Amino acid sequence: IQQRPGPFDWVPNFFPGNGEPYLPPPVKFPRRPLNQRFAVLLMQSCYRAADSMDFVPMDDFQIKFWKLRQSLYQQYTKAHAPLMVRQGDLTDP
């Protein structure tokens, strides 16, 4: 019996042995935008949770996370084509 992969099975393997980040398969259909207030709440909650774990200073975390997102941006936009990625738009899931 083959098990179906769970929605978060990719998380432990985000950086497999070769050091390249693994990205889950892209969603290739348009999704409804998130409510702006809810999207901001989600972002703030994530940053607060990361800050409270105190595994890395928040200023370092934000710099490293921004650099990671920038390094993956072209790959991400190509994987989601023909959909348009709206980088920085919190309402765009």
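## Histidine 80

In this predicted model, His 80 is buried, because its relative accessible area is 10% and the cut-off for buried is under 20%. The residue belongs to helix α2.

A polar atom of the His 80 side chain lies 2.8 Å from the backbone oxygen of Tyr 76. Once neighbours within four places in sequence are set aside, the contacts of His 80 are Pro 26, Val 27 and Val 85.

## How the two helices cross

Two packed helices are described by the angle between their axes and by the distance between those axes. Here, helix α1 covers residues 36-53 and helix α2 covers residues 58-80. Their axes come within 10 Å and cross at roughly 125 degrees. Angles of 65 to 115 degrees count as roughly perpendicular and those over 145 as roughly antiparallel, so α1 and α2 are oblique to each other. The crossing of α1 and α2 is right-handed.

## Residues where the helices meet

On the α1 side, the residues in contact are Tyr 47, Ala 50 and Asp 51. On the α2 side, they are Met 58, Phe 61, Gln 62, Phe 65 and Arg 69. Sorted by class, the contact between α1 and α2 has 5 nonpolar, 1 polar and 2 charged residues.

## The chain as a whole

The protein chain has 2 helices and 0 strands. It consists of 93 residues, of which 11% count as buried; His 80 is buried too. Among contacts between residues at least 6 apart in sequence, 50% join residues at least 24 apart.

Technical notes. Residues are numbered from 1 along each chain as its sequence is written. This is a predicted model: local features need pLDDT of at least 70, side-chain atom pairs count only at pLDDT 80 or more; totals for chains, interfaces and linings use all residues. Side-chain values use heavy atoms; hydrogens and water are left out. Axes are lines fitted to C-alpha atoms, for helices over the stretch in contact, and angles run from 0 to 180 degrees between N-to-C directions. Helices (H or I, at least four residues) and strands (E, at least two) are DSSP runs, numbered from the N terminus. Angles under 35 degrees count as roughly parallel, over 145 as roughly antiparallel, 65 to 115 as roughly perpendicular and the rest as oblique. A crossing is left-handed if the near helix is turned anticlockwise from the far one by less than a right angle, and right-handed if clockwise. Contact means heavy atoms within 4.5 Å. Ala, Val, Leu, Ile, Met, Phe, Trp, Tyr, Cys and Pro count as nonpolar, Asp, Glu, Lys and Arg as charged, and the others, Gly among them, as polar. Buried means under 20% relative accessible area, exposed over 50%, partly exposed in between (1.4 Å probe, protein chains only). A polar contact is a pair of N or O atoms within 3.5 Å; within protein, one must be able to donate a hydrogen and the other to accept it, and residues adjacent in sequence count only if both atoms are side-chain atoms.
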